[in-house]
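Here is a short report on one protein chain. Please look over the sequence and the model before reading on.

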Amino acid sequence: MLLLKTCPRCHGDLQLRSDMAGKYLSCIQCGYTRDYLRKPVMTEEKSKVSDRGKGVEAGAV
Ligand SMILES: [Zn+2]
């Protein structure tokens with residue numbers, strides 16, 4: 001898997017790699033590395049918003 005122009009340091013291409021420690025992203029151009037986050041952040045935020053819309057807390061007690 002290749003993420004084009006997502007390197008925060010040089011805007012190069014990040015490649016998804018994995019070793020014994022787990023998955024991580026590595027920049028092909030400058031060698032920058034960072035942990036690969038598997039959390040679907042967008043889905044998490046979405047469920048929070050819809051929860052609020054119900055107004056369940058307001059009717060408690
Ligand atoms: Zn880079």
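Among contacts in the protein chain between residues at least 6 apart in sequence, what percentage join residues at least 24 apart? The figure is 2%. The model behind this value is predicted.

## Overall layout

The protein chain has one helix and four strands. Read from the N terminus, the order of elements is β-β-β-β-α. The protein chain has 61 residues, and 5% of them count as buried.

## The sheet

The four strands make an open sheet. Their order is E1-E2-E3-E4, and the pairing is antiparallel. E1 and E4 (33-35) stand at the edges, because each has a single partner strand. One side of each is therefore left without a neighbour in the sheet. Strands of a sheet pair through backbone hydrogen bonds, in a parallel or an antiparallel sense.

Inside this order, E2 pairs with E3 (residues 22-27) over six bridges, in the antiparallel sense. Gln15 has Ser26 of E3 opposite.

## Arg34 on strand E4

Arg34 lies in strand E4. Is Arg34 buried, exposed or partly exposed? It counts as partly exposed, because it has 14 C-beta neighbours inside 10 Å. A residue needs 20 or more such neighbours to be buried, and 12 or fewer to be exposed.

Which residues does Arg34 touch, not counting those up to four places away in sequence? They are Tyr24 and Leu25. Another pair can be described by distance. Arg34 and Leu16 are 18 residues apart along the chain, and their C-alpha atoms are separated by 9.8 Å.

## Two positive phi angles

Most residues other than glycine have a negative phi. Lys5 is not a glycine, yet its phi is positive, at about 55°. His11 is not a glycine either, and its phi is also positive, at about 60°. Lys5 sits in the loop between strand E1 (2-3) and strand E2 (14-19). The place of His11 is in the loop between E1 and E2.

Lys5 counts as exposed, because it has 10 C-beta neighbours inside 10 Å. His11 is exposed because 12 other C-beta atoms lie within 10 Å. The table sets out these values.

| Residue | Phi | C-beta neighbours within 10 Å |
|---|---|---|
| Lys5 | about 55° | 10 C-beta neighbours |

Terms used:
Residues numbered from 1 in each chain as written. Predicted model: local features only at pLDDT ≥ 70, side-chain atom pairs only at ≥ 80, totals over all residues. Helix = DSSP H or I, 4+ residues; strand = E, 2+ residues; numbered from the N terminus. Pairing = 2+ DSSP bridges. Contact = placed C-beta atoms within 7 Å.
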